[in-house]
Amino acid sequence: MLTLRGPRLADGRTVDLLLSADRIEAVGTPGSLTPPAGAQEVDLAGYLLLPAPAEPHAHHDTALTGVLPGPPAGTPVALRRRITEAALTQLGHGATAQRSHVRIGGAESLAVLEAALETARTLRGLAELGVVAVPRLLTGLAGADNRALLTEAAKMGAGALGGSPDLDPDPAGYLDIVLGLADEHGCAIDLHTDGADPVRLARLASAAGACRSGVAIGPCGGLSRLPPEVAARAAGQLAAAGVTVICLPPGSCGLATARGRAPVRLLTAAGVRVAAGGGALRDSVNPVGRGDPLDVAHELAARGVCRPRDAYRAVSDRARAALGLPEVRIEAGFPAELLAVRGRTVADALSLAYSRLVIHRGRIVARTSAVREYCGAGAAGGPELPRQSTGY
């Protein structure tokens, strides 16, 4: 059992929490909760406590390769090491749940998927890592092998099926294959699309409405290039079908066919659930990608797309929903998936969240401590410089 003493919540309250197993057992005013003997206690005075963020759109198999002098190693050991490092990087930032798109097909066949699934098993207890199987071509003779591999990927345990219909000679046929296999094997669907073709989006929305599993698409930057009335109509169709759009505020990823940002305000106004992900983590597409959900939310807030609290929901509540995970509230009975950051408000968290404590399944799984010191004081007798600003 874990007791959290004195964190501040986003609504301004200061509380104590008891965590038991993987749930929040109780929330009360400071000093009102009595933990059992032997329970671990953590002083979180000066910290803001939030539902933990999630990463709904990662590419762990290509992460951390952007500055390599040559092609990255593709051995099973190298793949597992790279995927593990990427997942732990994002966990350290607070993402206790992550979804990574991984390639299948070609010379690698299912090797990358096998490495990702094995890594996910190894990380169990630290973070939840879901895997999307991503073939390139699926239709015609050229796609025959990949169709068989996608079926095998679903049987192996890929939680979602994906890829980019935009890159296939027959986008509609590609979509039909993915939807059919996902329905057959009970997998979620997570597709890359630019979203610039309203006819294709309408077809996707129509098919998704009949799916038993969740459907997500992204990054949909092409929607912003459509005439407003056309984009609004497409957004309404996606909303009616329950399709989630996962935007990538830091920039595109390797499977996106065009750059640009999704029109978040338009989608939200139409009732589409919009989650936000980081996409590239220091790969060739974005060699400085940080894999930090708070950076993603910061980008949304800094561009004026939404207010800080709603920006944070895009990487927490809505990102978890996109992954099919249960809701997290800081209330008794909800999952103990939490992030504590030094600060008083969500705006603080998005601006200066250097010190963090990450809780997964009621257990501390990562901690980052930062101290800022000001050195080289002026004349003697002047004001003593603080080691760290009291607001953070």
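Is aspartate 61 buried or exposed? Aspartate 61 is buried, at a relative accessible area of 2%. The model is predicted. The largest pocket has a volume of about 480 Å³, while the largest cavity holds about 50 Å³.

- Aspartate 61 sits in the loop between β6 and α1.
- Its side chain makes a polar contact of 2.7 Å with the side chain of arginine 103.
- Leaving out residues up to four places away in sequence, aspartate 61 touches Leu79, Arg82, Ile83, Ser100, His101, Val102, Arg103 and Val112.
- The largest pocket has 24 lining residues. Asp61, Thr62, Arg103, Gly254 and Leu255 are the ones nearest its centre.
- By type, the pocket lining has eight nonpolar, 10 polar and six charged residues.

**Other residues of the loop between β6 and α1**

- Leucine 64 is found in this loop, between β6 and α1. Leucine 64 counts as buried, at 17% relative accessibility.
- Phi of leucine 64 is near 65°, a positive value in a residue other than glycine. Most residues other than glycine have a negative phi.
- Threonine 65 lies in the loop between β6 (54–58) and α1 (76–93). Threonine 65 is buried too, because its relative accessible area is 13% and the cut-off for buried is under 20%.
- Beyond residues up to four places away in sequence, threonine 65 touches Pro72, Arg82, Arg282 and Asp283.

**Arginine 282**

- Arginine 282, one of the contacts of threonine 65, belongs to the loop between β13 (274–276) and α8 (293–302).
- Arginine 282 is partly exposed, with a relative accessible area of 40%.
- Its phi is near 50°, a positive value in a residue other than glycine.

- Glutamate 85 is in helix α1. Glutamate 85 is partly exposed, with a relative accessible area of 44%.
- The C-alpha atoms of glutamate 85 and aspartate 166 are separated by 30 Å. Along the chain these two are 81 residues apart.
- Leucine 113 is in helix α2, residues 111–122. Leucine 113 is buried, with a relative accessible area of 0%.
- Neighbours within four places in sequence aside, leucine 113 is in contact with Val102, Arg103, Ile104, Val131, Ala153, Met156 and Ala158.
- Leucine 113 and leucine 137 are 24 residues apart along the chain, and their C-alpha atoms are separated by 17 Å.

- A search of the whole structure finds one cavity of 30 Å³ or more.
- The lining of the largest cavity is made up of Pro219, Cys247, Leu248, Pro249, Gly260, Arg261, Ala262, Val264 and Arg303.
- Six of these lining residues are nonpolar, one is polar and two are charged.
- Proline 219, one of the lining residues, is found in strand β11.
- The peptide bond joining glycine 218 and proline 219 is cis, with omega about 0°. Most peptide bonds are trans.

**Helix α5**

- Helix α5 spans residues 198–208. Leu201, Leu204, Ala205 and Ala208 are buried in α5.
- These four lie on the same side of α5, because they cover an arc of only 100° around the axis.
- The face turned away from the buried side carries the exposed residues Val199 and Ser206.
- The buried residues of α5 pack against α4 (171–185), β10 (188–193), β11 (215–219) and α6 (228–241).
- Aspartate 197 caps the N-terminal end of α5. A side-chain oxygen of aspartate 197 lies 3.0 Å from the backbone nitrogen of valine 199.

**Helix α9**

- Helix α9 covers residues 308–315, and Ala311, Tyr312, Ala314 and Val315 are buried in it.
- These residues cover an arc of only 150° around the axis, which puts them on the same side of α9.

Terms used: Residues are numbered from 1 along each chain as its sequence is written. This is a predicted model: local features need pLDDT of at least 70, side-chain atom pairs count only at pLDDT 80 or more; totals for chains, interfaces and linings use all residues. Side-chain values use heavy atoms; hydrogens and water are left out. On a 1 Å grid over the protein atoms alone, a cavity is a set of points where a 1.4 Å probe fits but cannot get out, and a pocket is an open set with protein on both sides within 12 Å along at least five of seven lines; lining residues have an atom within 4 Å of a point. Grid points are joined across faces, edges and corners, and a volume is the space filled by probe spheres set on the points. Ala, Val, Leu, Ile, Met, Phe, Trp, Tyr, Cys and Pro count as nonpolar, Asp, Glu, Lys and Arg as charged, and the others, Gly among them, as polar. Buried means under 20% relative accessible area, exposed over 50%, partly exposed in between (1.4 Å probe, protein chains only). Helices (H or I, at least four residues) and strands (E, at least two) are DSSP runs, numbered from the N terminus. The arc is that of the directions from the helix axis to the C-beta atoms. Contact means heavy atoms within 4.5 Å. A polar contact is a pair of N or O atoms within 3.5 Å; within protein, one must be able to donate a hydrogen and the other to accept it, and residues adjacent in sequence count only if both atoms are side-chain atoms.
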